[in-house]
Amino acid sequence: MMPRLAITMGDVAGIGPEIIVRAWPQLVAMANPVVIGDAHWLEDASALVGSLAQLQPITSMTDAHPAIDVIPFLQPYPDRLDAVSAGEVSAKAGRAAYDFLVTAIDMALRGEVDAIVTCPLHKESLHQAGVAFPGHTEILADRTKSDRHAMLLVSRDLAVAHVTLHTSMRDAVASITADGVKNAIELLHGLLPQLIGRTPRLAVCALNPHASDGGLFGDEEERLIHPAVDACRAAGVDVVGPLPADAVWLHSMNKAYDGIVAMYHDQGHIPMKMRYARQLVNVTAGLPIIRTSVAHGTAFDIAGQGVADASSLVLAADVACRLVGAASLRDRR
Ligand SMILES: [Zn+2]
């Protein structure tokens with residue numbers, strides 16, 4: 001049995017619709033995918049990409065018969081998004097993206113799909129639609145009632161967990177706690193064996209330059225990060241740190257670690273994107289459901305042109321399938 005995946009379209013004005021259609025042959029080769037999205041935008045994307053696959057509207061997973069030439073899709077609301085233009089922020093598209101996502105989350109919670117794979121949504125459109133969450137991770141955490149979660153950026157040989165995420169730099173620094181650091185280490189330690197098949201080696205980045213040089217500039221290492229790392233090491237986790245972040249990233253070039261804990265968004269994102277470019281996937285750890293995502297945004301600048309690269313979506317589906325496989329192995333034990 002191949003894993004059942006709900007693929008959410010994200011913001012229709014972005015590259016979501018076209019990357020789904022472009023990736024479709026690879027998606028059906030590894031899984032039983034269904035699209036949660038808009039019929040009209042899916043049709044346009046098919047024309048754009050030159051796909052001959054037939055679109056199959058469904059109302060429940062039992063009707064879905066995905067194949068290389070059949071794309072089953074579920075549209076959770078009746079109204080059309082004709083007024084939305086590719087590459088433009090709109091409340092309508094923001095609301096629809098939210099509806100696609102919560103529909104997929106609920107299907108996963110009910111066990112109708114094994115995992116959800118999400119295409120990008122646009123934070124401004126979401127905001128205009130009156131949705132009070134900054135992004136996917138926060139919506140997922142709220143809808144599944146998970147307070148212990150972390151966003152991981154995953155490549156073929158390295159994963160990064162973030163202690164703080166979509167928040168201002170000022171708030172990020174202020175909201176780092178020993179508990180938050182411990183949480184990120186534990187989630188990374190818990191998830192990575194499912195992808196690499198063994199106990200992972202982890203490193204934790206310091207917040208301050210040079211890990212504060214013994215307290216010369218900052219005390220977060222001594223006060224918050226050290227105690228968290230020590231507690232995890234005492235519990236048997238293979239983890240070092242806090243180490244100066246530049247040294248952690250340099251050592252990681254020699255495959256010294258399987259996972260890195262970053263204190264804030266760009267401490268993890270910049271080096272990962274420079275090294276792996278599009279070969280990256282987002283995974284939300286700590287949820288009761290499996291969720292992966294493309295690791296790029298809506299790309300409004302090229303949306304609707306049929307030139308978007310679908311490789312991150314293919315990789316996101318692949319990681320979701322591996323996590324589903326690991327979970328079913330664990331259940332059988
Ligand atoms: Zn982000």
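## A tour of the predicted model

**Stop 1: helix 1 and helix 2**

Select residues 16-30 for helix 1 and residues 39-49 for helix 2. Two packed helices are described by the angle between their axes and the distance between the axes. Here the angle is about 60° and the axes are 8 Å apart. The crossing of helix 1 and helix 2 is right-handed.

Now show the side chains at the contact. From helix 1, pick Pro17, Glu18, Val21 and Arg22. From helix 2, pick Trp41, Leu42, Ala45, Ser46, Leu48 and Val49. Sorted by class, the residues of this contact are 7 nonpolar, 1 polar and 2 charged.

**Stop 2: helix 7 and helix 8**

Next select residues 178-196, which form helix 7, and residues 220-234, which form helix 8. What is the angle between helix 7 and helix 8, and how far apart are their axes? The angle is about 40°, and the axes are 8 Å apart. Helix 7 and helix 8 are therefore oblique to each other, and their crossing is right-handed.

For the contact itself, display Ala178, Val181, Lys182, Ile185 and Glu186 on helix 7. Their partners on helix 8 are Leu224, Ile225, Ala228, Val229, Ala231 and Cys232. The contact of helix 7 with helix 8 has 9 nonpolar and 2 charged residues, with no polar ones.

**Stop 3**

Move to Gly197, in the loop between helix 7 and strand 8 (202-205). Is Gly197 buried or exposed? Its relative accessible area is 65%, so Gly197 is exposed.

**Stop 4: Thr103**

Select helix 3 (residues 91-109) and pick out Thr103 within this helix. Thr103 has a relative accessibility of 18% and therefore counts as buried, the cut-off being under 20%. Which residues does Thr103 contact, apart from its neighbours within four places in sequence? They are Ile36, Leu74 and Pro76.

**Stop 5: Arg80**

Arg80 sits in the loop between strand 4 (70-74) and helix 3. With residues up to four places away in sequence left out, Arg80 touches Asp38, His40 and Lys92. Take His40 from that set and show its C-alpha atom with that of Arg80. The two residues are 40 apart along the chain, and their C-alpha atoms are separated by 7.3 Å.

**Stop 6: backbone geometry**

Most residues other than glycine have a negative phi, and most peptide bonds are trans.

- Gly241 and Pro242 are joined by a cis peptide bond, with omega at about 0°. Pro242 belongs to strand 9 (residues 239-243).
- Lys145 is not a glycine, but its phi is positive, at about 55°. Look for Lys145 in the loop between helix 5 (136-143) and strand 6 (150-154). With 73% relative accessibility, Lys145 counts as exposed.
- Asp213 also is a residue other than glycine with a positive phi, near 45°. Asp213 lies in the loop between strand 8 and helix 8. The relative accessible area of Asp213 is 37%, so this residue is partly exposed.

**Last stop: the whole chain**

The C-alpha atoms fill a box of roughly 60 × 45 × 35 Å along the principal axes. A compact globule of 333 residues would have a radius of gyration near 20 Å, and the chain has 20 Å, so the two agree.

Colour the chain by accessibility: 53% of the 333 residues count as buried. Contacts can be viewed by separation in sequence too. Of those between residues at least 6 apart in sequence, 74% join residues at least 24 apart.

Technical notes: Residues numbered from 1 in each chain as written. Predicted model: local features only at pLDDT ≥ 70, side-chain atom pairs only at ≥ 80, totals over all residues. Heavy atoms only, no water. Axes fitted to C-alpha atoms, helices over the stretch in contact; angles between N-to-C directions. Helix = DSSP H or I, 4+ residues; strand = E, 2+ residues; numbered from the N terminus. Left-handed = near helix turned anticlockwise from the far one by under 90°. Contact = heavy atoms within 4.5 Å. Nonpolar A, V, L, I, M, F, W, Y, C, P; charged D, E, K, R; others polar. Parallel < 35°, antiparallel > 145°, perpendicular 65-115°, else oblique. Rg over C-alpha atoms; globule rule 2.2 N^0.38 Å. Buried < 20%, exposed > 50% of the residue type's maximum accessible area, 1.4 Å probe, protein only.
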